[in-house]
Amino acid sequence: MTRLKWLRLVFLRYYRSMGLRVFLYVLLSFAATLTSPFADTYIGSRFSIEIDFESVVPVLTILATSMLAVSTFSLNIMVTAHRAAADTATPRMHRILLEDTTTQSVLAVFIGAFVYSLSSLVLYRLGFYPDSAALFVMGITIVIVMAVIFSLLRWINHLTTLGSLQNSLHTAKARAREALRAQAQHPRFGASALTQATIMPEETTPLCAPETGYLQLIDMVMLQDRLPDTATLYLDASPGTHVLVGEMIGQVSGVLDDAALARLTQAFTFGSVRTHEQDAAFGLAVLSEIATKALSPGINDSGTAIEAITILKSLLWDYTQEEEDSEAMKAQNIVAAFPGPSHFVEVAFAAIARDGANKFEVVRKLISSLASLAASDNKELSCAARDLADDVMLYAAEGGLPERDLSRLRSISFPK
């Protein structure tokens with residue numbers, strides 16, 4: 001992972017933050033409000049239109065009153081939709097929906113329009129605006145009204161699916177695909193593979209977590225730059241791992257002092273929840289949770305579970321078809337144990353296999369999906385799919401499926 005790709009990853013994390021987006025729109029609104037008197041000096045003489053503030057004030061008043069109500073109402077809709085998604089899909093969907101850029105942009109426009117209209121009215125009453133600034137203020141107001149109308153149309157269209165189970169599946173699929181593609185193009189983000197065959201040096205220095213939480217991001221570029229030229233970092237923890245403060249997350253060859261170790265730990269980002277950016281298994285886990293919740297006795301929705309299985313199958317297949325980026329940076333001094341295809345198969349299907357063991361249509365779809373994945377050229381994925389298929393048959397037998405159904409399941413052929 002190059003520095004540019006890392007900066008893009010960090011930028012997207014903040015780009016999907018509602019607070020930042022609203023703050024920028026509010027800042028833009030204040031800028032438009034405060035520059036109106038000065039901008040009129042440059043453009044006022046170019047137009048022959050005459051307008052006074054008595055024509056502008058009613059429009060600003062309507063905009064301020066309506067945007068306050070619309071913003072409050074929209075926030076209420078957003079919270080209701082997020083709760084509905086958490087109830088029907090999985091509580092993890094709430095965190096994904098919080099990163100919905102469409103909702104964030106619409107709410108930011110509403111709040112920004114409210115701030116602009118209210119601040120313009122206040123400044124006008126305080127005498128900040130000269131009479132000649134009315135034309136420019138009306139022009140900005142018209143632009144904002146057009147932006148509000150466009151946002152309202154966009155919001156209405158978005159509300160038709162917001163919070164629905166179908167939208168939850170689609171959103172979770174998109175985030176999982178993004179993380180899996182990044183993992184496939186940059187395996188271990190440039191680090192070498194830490195396997196059982198890796199020979200560890202005799203003398204190492206433990207690298208411990210500086211705080212408790214989920215490991216969210218690893219800046220491989222920073223790690224590589226801050227490692228001594230003769231040292232190698234053997235990294236045990238991967239994004240998505242929960243660690244305790246002081247728990248060992250890796251080992252560095254040789255002897256390093258506390259200051260050098262502290263510099264290395266600055267390349268790790270910890271948080272209270274799992275995130276998607278570098279944790280490819282998290283998106284698969286969310287989709288698996290949607291399927292298992294649909295299989296619960298209170299819901300009993302086999303169709304949603306089957307749809308989730310189909311999505312998971314396509315995601316894993318596309319993951320193995322993605323080619324590694326040959327120009328990606330290689331962290332020569334870092335060896336990491338990141339999860340691979342076998343772990344992804346287990347995360348995606350193991351829980352569904354247990355919870356859907358007594359439903360023939362679910363088990364049939366699951367085994368047929370595993371048979372498709374077993375045909376992959378990726379040997380690790382193929383072997384993991386075959387092994388899990390054996391477990392699925394055991395779960396189905398223990399789940400009480402009749403022998404006739406078990407025979408039909410055994411008839412599903414796997415590639416040789």
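Glu 322 forms a salt bridge with Arg 181, with 3.9 Å between the closest N and O atoms; a salt bridge is taken here as a side-chain nitrogen of Lys or Arg within 4 Å of a carboxyl oxygen of Asp or Glu. The pair links distant parts of the chain, 141 residues apart: Glu 322 lies in the loop between α11 (302-321) and β8, and Arg 181 in helix α7 (residues 165-185). Helices (H or I, at least four residues) and strands (E, at least two) are DSSP runs numbered from the N terminus. Glu 322 is partly exposed at 29% relative accessible area, as is Arg 181 at 36%; buried denotes under 20%, exposed over 50%, and partly exposed the range in between (1.4 Å probe, protein chains only).

The model is predicted, with local features requiring pLDDT of at least 70 and side-chain atom pairs pLDDT 80 or more, whereas totals for chains, interfaces and linings use all residues. Residues are numbered from 1 along each chain as its sequence is written, and side-chain values use heavy atoms, without hydrogens and water.

The structure holds eight salt bridges. Among them, Arg 274 and Asp 279 meet at 2.7 Å, N to O; Arg 274 is partly exposed at 24%, whereas Asp 279 is buried at 4%. Asp 405 and Arg 408 pair at 3.7 Å, and both lie in helix α15 (residues 403-410), three residues apart, about one turn of the helix. Asp 405 is buried at 10% relative accessibility, while Arg 408 is partly exposed at 41%. Glu 99, Arg 175 and Glu 178 are linked in a network of salt bridges.

Strand β8 (residues 331-336) is mostly covered, five of its six residues being buried. Strand β1 (residues 191-193) runs parallel to β8 and is joined to it by three bridges, with Ala 331 of β8 as the bridge partner of Ala 191. Strand β4 (residues 233-235) also pairs with β8 in the parallel sense over three bridges, and Leu 233 has Ile 334 as its bridge partner there. Pairing requires at least two DSSP bridges between two strands.

Helix α10 (residues 280-294) has 15 residues and reaches 23 Å from first to last C-alpha, close to the expected 21 Å, a span given by 1.5 Å times one less than the number of residues. Of the 15 residues of α10, 13 are buried, so the helix is largely enclosed by the rest of the structure.

A search of the whole structure finds zero disulfides, defined as pairs of cysteine sulfur atoms within 2.5 Å.
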